[in-house]
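Notebook open, viewer open. I want to look up a few spots one by one and jot down what turns up.

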Amino acid sequence: MIEFKGVNKWYGAYRALHEVNETVAAGEVVVVCGPSGSGKSTLIRTVNRLEAIQGGSIEVNGQNVHAARKDLNALRSRIGFVFQNFNLFPHMSVLDNVMIGPLTVLKRDKPSTAQKAQALLAKVGLAHKADAMPAQLSGGQQQRVAIARALAMEPPVMLFDEPTSALDPEMVGEVLQVMKALAAEGMTMICVTHEMGFAREVADRIWFMDAGQVLERATPEAFFTAPRHPRAAKFIADIRAH
């Protein structure tokens, strides 16, 4: 479903991604972890071209994401993206936030779009908040609306960029619960997260990054019990000590 081939990314003289060669199969849940500044968020943002790359290629469902003259709206409509800071439209109701993509990009009709949006809000446990404004919601509720909004485009791939890091601790669980349900349904997902319990429970594979490289790729069991790369072993030891 997703293939990184020799991906390189620079910010000036700083090399943010270094020869990344990885694949994500359809229906697979990959959790990307590593220390701050390791390139995790940069990597995930290259998948829908929020970040340009300077070398290599990325394919999603057989399409070269970074090809010249690519229709970015069409590309991004097929890749759900959930941001750290929700990014809801503050002047629109919860329901309108979920409906806007299908209405404006996919040109769907309003009655069926409203019905689908209501169903998605029910799926994330927020059917009763359809008429509320984003400012009236908790952070956890806003992030669940953001997930519903991404799902409204019926994407085959969902990307999560540290979706719980802006939340108070008691709200983290409600967002992870929605993500777990999506994984159980077979959604192809890449999740950048510091939630190691989630990684252990839900991931099919874990990629460990440092200094712009994927240093380890393993099942959760192997990663947490017998990491092979010394840097990954130190990362896990530090988590346990903390």
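Is I2 buried or exposed? I2 is buried, with a relative accessible area of 2%; my cut-offs are under 20% for buried, over 50% for exposed and partly exposed in between, using a 1.4 Å probe and protein chains only.

Before going on, a note on the source: this is a predicted model, so local features need pLDDT of at least 70 and side-chain atom pairs count only at pLDDT 80 or more, while totals for chains, interfaces and linings use all residues. Residues are numbered from 1 along each chain as its sequence is written, and side-chain values use heavy atoms, with hydrogens and water left out.

**Entry: I2**

I found I2 in strand β1 (residues 2–11). Strands here are DSSP runs of E, at least two residues, and helices are runs of H or I, at least four, numbered from the N terminus. I looked up the neighbours of I2, leaving out residues up to four places away in sequence, and got E22, T23, V24, E59, V60, V157 and I190; contact means heavy atoms within 4.5 Å. V60 sits 58 residues from I2 along the chain, yet their C-alpha atoms are separated by 4.5 Å.

**Entry: the sheet**

I traced an open sheet of six strands, with mixed pairing, in the order β6-β7-β8-β3-β9-β10. Two strands pair if DSSP finds at least two bridges between them. The edges are β6 (79–82) and β10 (213–218); each has a single partner strand, so one side of each is left without a neighbour in the sheet. From one strand to the next the twist averages 20°; axes are lines fitted to C-alpha atoms, for helices over the stretch in contact, and angles run from 0 to 180 degrees between N-to-C directions.

Next I checked β3. Strand β3 (residues 29–33) runs parallel to β8 (residues 188–192), joined by four bridges. V29 is opposite M189 in β8, and V31 has C191 as its bridge partner there. With β9 (residues 205–210), β3 also pairs in the parallel sense over four bridges, and here V31 stands opposite I206.

How many residues of β3 are buried? Five of its five are. In a regular strand the side chains alternate between the two faces of the sheet.

**Entry: E28**

I stepped back to E28, in the loop between β2 (14–24) and β3. At 12% relative accessibility, E28 counts as buried. Its contacts, again without residues up to four places away in sequence, are T23, M187, T188, M189, D204 and R205.

**Entry: α6**

I looked at helix α6 next. Buried in α6 are M171, V172, V175, L176, V178, M179, L182 and A183. Seen down the axis, the buried residues of α6 fall within an arc of 155°, so they line one face of the helix; the arc is that of the directions from the helix axis to the C-beta atoms. E170 and A184 are exposed on the other side of α6. What covers the buried residues includes β3, α4 (110–123), α5, β7, β8 and α7 (196–202). After α6 comes G186, with a positive phi near 95°.

**Entry: aromatic pairs**

I counted five aromatic pairs in the structure. Rings of Phe, Tyr and Trp (its six-membered ring) pair if their centres lie within 6.5 Å; planes under 30 degrees apart count as stacked, over 60 as edge-to-face and the rest as tilted. F81 and F83 form a tilted pair, 4.6 Å centre to centre with 45° between the planes. F81 is buried, with a relative accessible area of 10%, whereas F83 is partly exposed at 22%.

F208 and F223 have ring centres 6.2 Å apart and planes at 35°, so this pair is tilted. The pair links distant parts of the chain, with F208 in β9 and F223 in helix α8 (residues 220–225), 15 residues apart. Both F208 and F223 are buried. I logged one aromatic cluster made of F208, F223, F224 and F235.
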